[in-house]
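Trainee: I would like to learn how to read salt bridges in a model. Where do I begin?

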Amino acid sequence: YKGVAIAMEVLRWALSGGYCNFGVFDLYGDDALSKAFSVTFAMMTSVPLADLLAYPKVCKAHSALLDVVSTHHTKVIAALDEPTFRYVMLSLLGGIKSTDIATSSSACASVCRVLSFYRKHLIKRERLGADAPSDLGGADAYMDVGLRFASMPHYLPHLLQHVLHLVTSSERCGNRWALSRPLLVLVPLQEGCFAEFRETTVQ
């Protein structure tokens with residue numbers, strides 16, 4: 001999977017290097033960036049999830065790429081098809097549990113941004129009420145990410161439990177700040193699960 005790791009690294013540096021303004025691509029009808037994302041995610045998902053997490057260099061390149069994509073192109077992740085979105089989110093969960101600090105920190109940051117994007121959608125829906133327009137101001141990606149998480153009802157509780165376990169254990173003392181980032185979004189999204197964990201821990 002060395003070639004896949006190199007391809008992910010190339011796209012990561014292209015996106016984060018400040019070489020051009022990618023925001024104008026859609027304005028001029030240039031689909032080069034969207035094609036680059038499509039090809040890269042296709043290569044990414046061609047690697048079995050178990051293998052991705054088993055090879056440190058591939059996992060590190062994968063987490064680093066998603067860190068950059070979630071920073072500047074969150075809607076790309078939100079608009080992924082269901083199998084690819086599931087793969088990405090499960091890989092981020094595996095990355096959070098990685099013993100490599102850089103991989104874990106990148107995965108935490110990516111999860112935090114995707115969940116923040118999702119929570120913004122929920123807040124907007126809540127403010128507008130039941131009569132909110134289906135496109136929510138034309139932000140189709142908000143609807144997409146809502147549907148994706150709805151198809152994975154056990155993902156967020158599972159993620160919260162794992163992050164809380166890592167934060168409260170003594171194994172990740174040097175990474176607690178990064179691990180706390182997704183918690184700031186997860187706790188409001190999963191208040192019941194957090195209350196249950198708190199009561200169990202206190203007892």
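Mentor: We take the salt bridges in turn. Keep in mind that this model is predicted.

Trainee: What is the general idea?

Mentor: Side chains of opposite charge can pair when their charged atoms come close. The cut-off here is 4 Å between a side-chain nitrogen of Lys or Arg and a carboxyl oxygen of Asp or Glu.

Trainee: How many salt bridges does the rule give?

Mentor: The count is 4. We look at some of them.

Trainee: Which residue meets R12 in a salt bridge?

Mentor: E9 does, with N to O at 2.9 Å. Both residues sit in helix α1, residues 2–16. They are 3 residues apart, about one turn of the helix.

Trainee: Is R12 buried or exposed?

Mentor: R12 has 17% relative accessibility, so R12 counts as buried. The cut-off for buried is under 20%. E9, at 24%, counts as partly exposed.

Trainee: What is the N and O distance between D67 and R113?

Mentor: Their closest N and O atoms are 2.6 Å apart, and the pair forms a salt bridge. This one links distant parts of the chain. D67 lies in helix α5 (residues 56–72) and R113 in helix α8 (residues 101–128), 46 residues apart. D67 counts as buried because its relative accessibility is 19%.

Trainee: Where do R86 and E82 lie?

Mentor: In helix α7, residues 82–96. They are 4 residues apart, so about one helical turn separates them. R86 is partly exposed at 32% relative accessible area. E82 is partly exposed too, at 36%.

Note on methods
Residues are numbered from 1 along each chain as its sequence is written. This is a predicted model: local features need pLDDT of at least 70, side-chain atom pairs count only at pLDDT 80 or more; totals for chains, interfaces and linings use all residues. Side-chain values use heavy atoms; hydrogens and water are left out. Helices (H or I, at least four residues) and strands (E, at least two) are DSSP runs, numbered from the N terminus. Buried means under 20% relative accessible area, exposed over 50%, partly exposed in between (1.4 Å probe, protein chains only).
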